[in-house]
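Reader: I would like to learn how to read a structural model feature by feature. Please give the general idea each time, then the case at hand.

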Amino acid sequence: MVISTVAATINNFVDKTVAQTQVKKTTPKLKTSTPETMKVTLQVNGTAHNLQIEPRVTLLDALREYIGLIGSKKGCDHGQCGACTVLIDGRRVNSCLTFAIMHTDAAITTIEGLAQEDNLHPMQAAFVAHDAFQCGYCTPGQICSAVGLVNEGHAKSDADVRELMSGNICRCGAYPNIVAAVRDVLGGKKDAAV
């Protein structure tokens, strides 16, 4: 008798629960289609590049995958390491965090665009002179960030340089040499190395 009462109670509970449960409507499946692309012209290192890309393509991916400039590195892809730093209108930007279509009217400079023919940019020369790189993976982002830092004019001391470069991670630990290289350029040394 107890078993039949328990079974009846459970049956009654299940019936009420099912009756109160609303049927979920399913979302109709959309047709698989090719993502929409758009024409974009980027001014990179003084050259216009006409691209046909999806609006969601990051500047980093446009530079590396569509234009073929692989100096800017894809490190964390979250804006935390700075390996992808480029200059946009002279200001440093993590290219993995911005869409290419946002910069059609901007002057974009990558590590490949800093040197003038065979003459290194003063920051590149200073990095060589101070051995401010080890494995070299972060170096393009470090150099672009350092050039932007100098352009900003906020760094007055080594502590300022360290703070203003803190968005660029060097896993090899070349920080003292990076600071020395930036300090040389801030001090006006243009023939630091080569």
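Predicted model: local features only at pLDDT ≥ 70, side-chain atom pairs only at ≥ 80, totals over all residues.

Reader: What is the handedness of the crossing of helix 4 and helix 6?

Author: The crossing of these two helices is right-handed.

Reader: Which residues of helix 4 and helix 6 make the contact?

Author: Helix 4 contributes Q142, A146, L149 and V150, while helix 6 contributes I178, V182, V185 and L186. Sorted by class, the contact of helix 4 with helix 6 has 7 nonpolar residues, 1 polar residue and no charged ones.

Reader: Where does T139 lie, in terms of the helices?

Author: T139 belongs to helix 4, which spans residues 139–152.

Reader: Why does T139 count as buried?

Author: The test is a cut-off: buried means under 20% relative accessible area. T139 has 11% relative accessibility, so T139 counts as buried. Leaving out residues up to four places away in sequence, T139 touches F127 and F133.

Reader: Which residues does G71 touch, not counting residues up to four places away in sequence?

Author: They are I111, E112 and P140. For one of these pairs there is also a C-alpha separation: G71 and E112 are 41 residues apart along the chain, and their C-alpha atoms are separated by 6.6 Å.

Reader: What share of the contacts in the protein with a separation of 6 or more comes from residues 24 or more positions apart?

Author: Such residues account for 55% of those contacts.

Reader: How many helices and strands are there in the protein?

Author: The protein has 6 helices and 5 strands. Along the sequence they follow the pattern α-β-β-α-β-β-β-α-α-α-α.

Reader: And the totals for burial and surface?

Author: The protein has 194 residues, of which 34% count as buried.

Key
Residues numbered from 1 in each chain as written. Heavy atoms only, no water. Helix = DSSP H or I, 4+ residues; strand = E, 2+ residues; numbered from the N terminus. Buried < 20%, exposed > 50% of the residue type's maximum accessible area, 1.4 Å probe, protein only. Contact = heavy atoms within 4.5 Å. Left-handed = near helix turned anticlockwise from the far one by under 90°. Nonpolar A, V, L, I, M, F, W, Y, C, P; charged D, E, K, R; others polar.
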